[in-house]
Amino acid sequence: MSLLTQEHELVRKTAREFAEKYVEPIARKMDRENYYPREAIREAGKLGILTPTVPAEYGGGGGDLRSAVVVLEELGRVSGGFSLLVEAYGILFADAVNNFATRRQKEEILPKVAAGDKIGAFALSEPCCGSDAAAIQTMAERRGGEWVINGTKMWITSGLYADYYLLAARTGPLEARHKAITVFLLPRSNCVEASPIEVMGVRGTGTAELKLNDCVASDDDIVGEVNGGWKIIMHTLNVGRVAISGVAVGVARGAFEEAYQWALNRELFGKKLIDFQNTQFEIAEMVAAIETARALAYYAAYLYDVKSPDFLMMSHVAKLQTARIAVDVTRRAVQIEGGFGYSKESKAEMFYRDAKILEIGEGTNEVMKYVVFKLIHKR
């Protein structure tokens, strides 16, 4: 059984052509200068690959989760930063808005976001709480007929430039944990103080700390129900874990392709590096790992698309394994390239730094293992 259809392969062709034309020329600029690629975002919006799962009526790609994984793989092959930016933008923000927002909210916001004219960001993590999202401290207090939000968010992709935040806030006591969290669709205003965070890899993503100072929201800005935000957060993260697996596949591919070409051309001890059996074995290990990651990512996305009860387990398995594979493959690529691989001239060096966040963001390896065990232990 093929997990991808002809339609998915057409999406791949579009994404690859876009990546090579618009992303590859700026990939190193993003990495070296922490450059936020606003024009490339707009170009992606024109093709529907910026928000691949948002319906066409709102300007999105109208695809399923497999379409998103394919897009992110092709973007990741040339830039882990741009791919992660699109994953956070198109899945964590736009797909969540499409799934849970009101018709009015969707009509008002999604067309602008899908076109790349307005930037959307998913704001969950806090200085206190990354893995333990149920412990967030940002507070939304009811004052009169309004909600007033105060707190701090951390590691927010596109947070520096966002026009809208899909923001989780506490609407009850801290001890209520996940039962007292509400999601707001908060427009950017002067109450949001955004500061850049310098990160090791996936640079150029506008990663920011956000300080919320008496931000005012109305009931119309709530997504879902008061104290019903946990369901939205969990669904969005589970989908995001599969989407980011596509990023991992792309990053591994990009590093492998450069290392393979290096091995074909590099000469030492009177022969090509590729002629050494150790190199051949390394290449074989990398290919096997990439194909494993690709199969896991596609299969997990397929399970979501067909509404299989096995999706929850596989979303965590895919995230855990593809992240580890991306780190391992990029490490091997740097090693094959030797001194060149350690230099800033090497793409493998950039991909190696990009890969590490995949073991941390949207659920650490440890959280993935914890959830997998819980799901097994329930049976």
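In this predicted model, residue G48, which follows just after helix α3, takes a positive phi of about 80°. Helix α3 itself spans residues 38-47, and its buried residues are A40, I41, E43, A44 and G45.

In soluble globular proteins, nonpolar side chains tend to be buried together. The largest nonpolar core of the model comprises 120 residues, and within this core the members that touch the most others are F82, F93, I149 and L166. The greatest contribution to this core comes from helix α7 (residues 229-265), which supplies 16 residues. Apart from this core lies another one, made up of seven residues, including M313, M368, V371 and V372. The surroundings of F93 can be listed individually: when residues up to four places away in sequence are not counted, F93 touches A88, I109, V113, G120, A121, F122, Y164, Y165, L166 and L185.

A charged residue was also examined. E337 is found in helix α9, which covers residues 311-342, and although E337 is buried, it has no salt bridge. The nearest side chain of opposite charge belongs to R28, at a distance of 8.9 Å, whereas a salt bridge is defined by a side-chain nitrogen of Lys or Arg within 4 Å of a carboxyl oxygen of Asp or Glu. With residues up to four places away in sequence again left out, the contacts of E337 are with E258, A259, W262, S346 and A348.

Note on methods
Residues numbered from 1 in each chain as written. Predicted model: local features only at pLDDT ≥ 70, side-chain atom pairs only at ≥ 80, totals over all residues. Heavy atoms only, no water. Core = buried A, V, L, I, M, F, W, Y, C linked by side-chain atoms within 4.5 Å. Buried < 20%, exposed > 50% of the residue type's maximum accessible area, 1.4 Å probe, protein only. Helix = DSSP H or I, 4+ residues; strand = E, 2+ residues; numbered from the N terminus. Contact = heavy atoms within 4.5 Å. Lys, Arg positive; Asp, Glu negative; His and termini not counted.
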